[in-house]
Amino acid sequence: MQKQAILLGSDAIANGVKLCRPAVISAYPITPQTHIIETLSEMVDRGELESQYIKVESEMSAIAAVLGSVSAGSRSFTASSSQGLAMMHEVLHWFAGARLPLVLVNANRALGAPWNIWSDQSDSFSQRDTGWLQIYCETSQEALDTIIIAYKASEQLMLPIMVMIDGFILSHTMERLLIPDQQLVDDYLPAYQAPYRLDPDDPLTFGAAAQPDLFYELKKTFSETMSEAPTVLKNCEADFRQAFARAYSPVMRCPEGDEKSDTAIICCGAMTGTARVAVADLNKRGLSTDLLKIRLLRPFPKDELCAVCRDKKRIIVLNRACSYGVGGTLSQEVRAALYHLEQRPLVNDVMISLGGKEVFPETIAAVIENREELSSVDCNWLK
Amino acid sequence: MTELKYVKAIKDGDFRGLPISRASTAVNMTGSWKFFRPHLVSKNSPCREACPLQIPIAAYLGRLAEGKPSAALALLREFNPMPAVTGRVCPNFCQNACNRMEFDEAVSVGELERYLGDLGLEQAPDPVTVNRTEKIAIIGAGPAGLSAATFLARRGFKITLFEQAPAAGGLLRYAIPAYRLPRAILNREIDNLLKSYQIDLKCECRIGPDETSQLATEYSRIIWAPGLQSSRLPAAWPRLPLIKGALEVLSAISRGADINGQRFLVVGGGNAALDTARSLRRLGKEVEIIYRRTLAEMPAYAAEIKQALAEGLVIHTEEVIENVKPLTTGLQLFIHKSRKINEQIGAGEFLRTATADCLIAAIGQESDLRFNEHNNFITAGDFAHGAASVAEALASGRRAAETVLQQLGILPVPENITPDLKSKSRIEYKQLQLDYYAKKPAVKMAELDSLSRKENFSEIHQTLSSEQMQIEIERCFHCGSCTACGICWFFCPDVAIALDREESDLESRVLFDYDHCKGCGQCAAICPRGVIEMEEDN
């Protein structure tokens, strides 16, 4: 049984977190993430969620607090956004390197200067080398479900997972949701049994100094576990589908697209919803286009992407984050992955939005309509 | 399906490939990096410095906060032999110095002391046996005499305590009204002292200066604490039977004697005036007070003035009685406006005449005892320092005991029974780290309403319940006293702090592991009570 509800995206996420029964929550408020932790704090206050809610004075302390709680063997949760995530940066590296499982929700928002609170994926894209898994969600339902999947995958891999939603676009809009039954979630996601934890009766040293050769070996193992991550995640997604009848995968073809088309749009996050409308209309008008959604950014699912792009001639990547001096960050990832194809498609790098610049179906349609004018070398900024 | 080599290894508890080790980092003596080292330094709390008895308030309340009421009581008793009494009658000098006043309002130390004092009524102090051959005589079993007797008996002396009245207590029994200090409480407090210590109380035994040399043959030392028994009368007034002193009237009321007359005028603005007026009203008399200065200048305790006014007592201020004439029944009083001439108060314009059955002077006390110099002449209490608070009398008794101990060579001369406050610095409000406290008003104790109390001698204030005590004790900052709260332990990034909550030495409750402390100073910055200091590490 799954209960129906109409909730704000933030509340959908809070409900997803609650279903996972984290023993510790620590976070610092920042727009547009604040509602998530506010709702969680109210759940804890009302006694609906049995959890230690640790108030802190900064995001640095929030991530450090859960570093401690997870080290002690407790399933934990934190959330942040933009400058807050940037402030966590040092500990993000440490979290992954220490092989500690965690789910962090990031509400994507621009980084200043200039000051801007709207949707932009630069904050999490710029953390992609920290060793965390990164999953981008298109809808609030996907975010709710992904949190449950992510805890399972994270605890199997002993690696932290960052789950992204687009700030405001998802966090501050209401959506009809199916909320999984607690018992089903408990069956899917058993209580966290830490294979090692801080324990005075069985002392262990965590992340102490490693000599160069040992350090290299540890990082090699880390990288190898990361390469197993897509398989683990896919297994968790398959189990989730069995239990809750909703399917997710690292790369998802959208049914609105034309699978046979030699042109495909690639994007990630909530923009996919807008692209679905645009692509459905383009196909109706005879402008055949396929639509691919990247859900998993780290580790980058290159095999899965290559499989669906094998027969494409043109890939248009819609970016919401920029690596200045190179171009769209997502485009770089896509280009690198497709490099191994024998028949490499053309990749058009389009910077479609930053700092919450509105993307309408017409905006995307216009890009496709004028695709011949796009540079295949340089980043294409909108006129 | 891909073989999940590394994921499987973790599942099987195989830590290889993970940054986890069974090797200890304790060998890494990171403490060698430090330039500064933390250490515990207790400081004087302002409440302690303000207390005539120098009670380590922050420390004993710390024990109470830790849930160790017996330990708290024991520490309190080391300094104050009569906490159930002072918890009721002390004007709480401590509260007027409380650091918490700058935060919201002072901690109700008096109420907490009373809570422990009442607990102590059920737990007599541990008995002490005599191990000294010298005998000590103490004249006067008021607070000063009882205090001196207690502190000397604790050192193993046999004490003989002479009292002219039928029972011990002095002003506690024969002046302070029962609505402020119920006699059952006083009796219990005194009985406990007599039960635990070798004090031979000889009541109805008046000792005067003439007996001094006779006593000196039997006793090594004599402490004189006879108090001030007579009330002063204004020089301008005639000496008439219907003009009485406040002490005489209060004593009569305390003994349950009949008080003749119906209409009374009390002259004075101190506690004695209020005590007399309020006691007489409780006996159904009509009483008014005449005071020569303003209400704000009254030397009586503010709380007592507030209560008296709430009970409807009329206080005429800035008035003096310039003359008194006897009538066939009662007195005729000539009341003038008071007038200040060179800081002296005199009579100004005539206001009115009034009649009264009795006029009571409560303008000060004096002693009629006159002494010659004597070798072993030690004094204590009001007789020594003039009329003062009960706490000051108890402190004076303790000082007299110290003098005896010093004279007998038991205590080195500069030392006191209690530690010297001068060796420590005082902790100021600014030195506290108060992020751990929320603003919270002091617990208000239950009080009989003014209507139901003004016709009887029932005690006005009640003792805090254990729930109220718990709330109030959490308000105390324990300024300058380690409570082993553990905040430093929690924050130490090097796990270089251990706590010993059972350690009674407040400067040994936090143990620093200097082999691993890097001297970052977080513990010193975070300590709510300001007892961790950083010093240069050589």
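Trainee: What makes the span of helix α15 of chain B close to the expected one?

Mentor: Helix α15 (residues 390–407) of chain B has 18 residues and reaches 26 Å from its first C-alpha to its last, close to the 26 Å expected. The expected span is 1.5 Å times one less than the number of residues, and a helix is a DSSP run of H or I with at least four residues. This is a predicted model, in which local features need pLDDT of at least 70 and side-chain atom pairs pLDDT 80 or more. Residues are numbered from 1 along each chain, and chains are lettered from A in the order in which they are written.

Trainee: Why is α15(B) called largely enclosed?

Mentor: Of its 18 residues, 13 are buried, so α15(B) is largely enclosed by the rest of the structure. Buried means under 20% relative accessible area, exposed over 50%, and partly exposed in between (1.4 Å probe, protein chains only).

Trainee: Why is the pair of B:F103 and B:F477 called edge-to-face?

Mentor: Rings of Phe, Tyr and Trp (its six-membered ring) pair if their centres lie within 6.5 Å; planes under 30 degrees apart count as stacked, over 60 as edge-to-face and the rest as tilted. By this rule there are 13 aromatic pairs over all chains. The centres of B:F103 and B:F477 are 5.5 Å apart and the planes stand at 80°, so this pair is edge-to-face.

Note on methods: Heavy atoms only, no water. Helix = DSSP H or I, 4+ residues; strand = E, 2+ residues; numbered from the N terminus.
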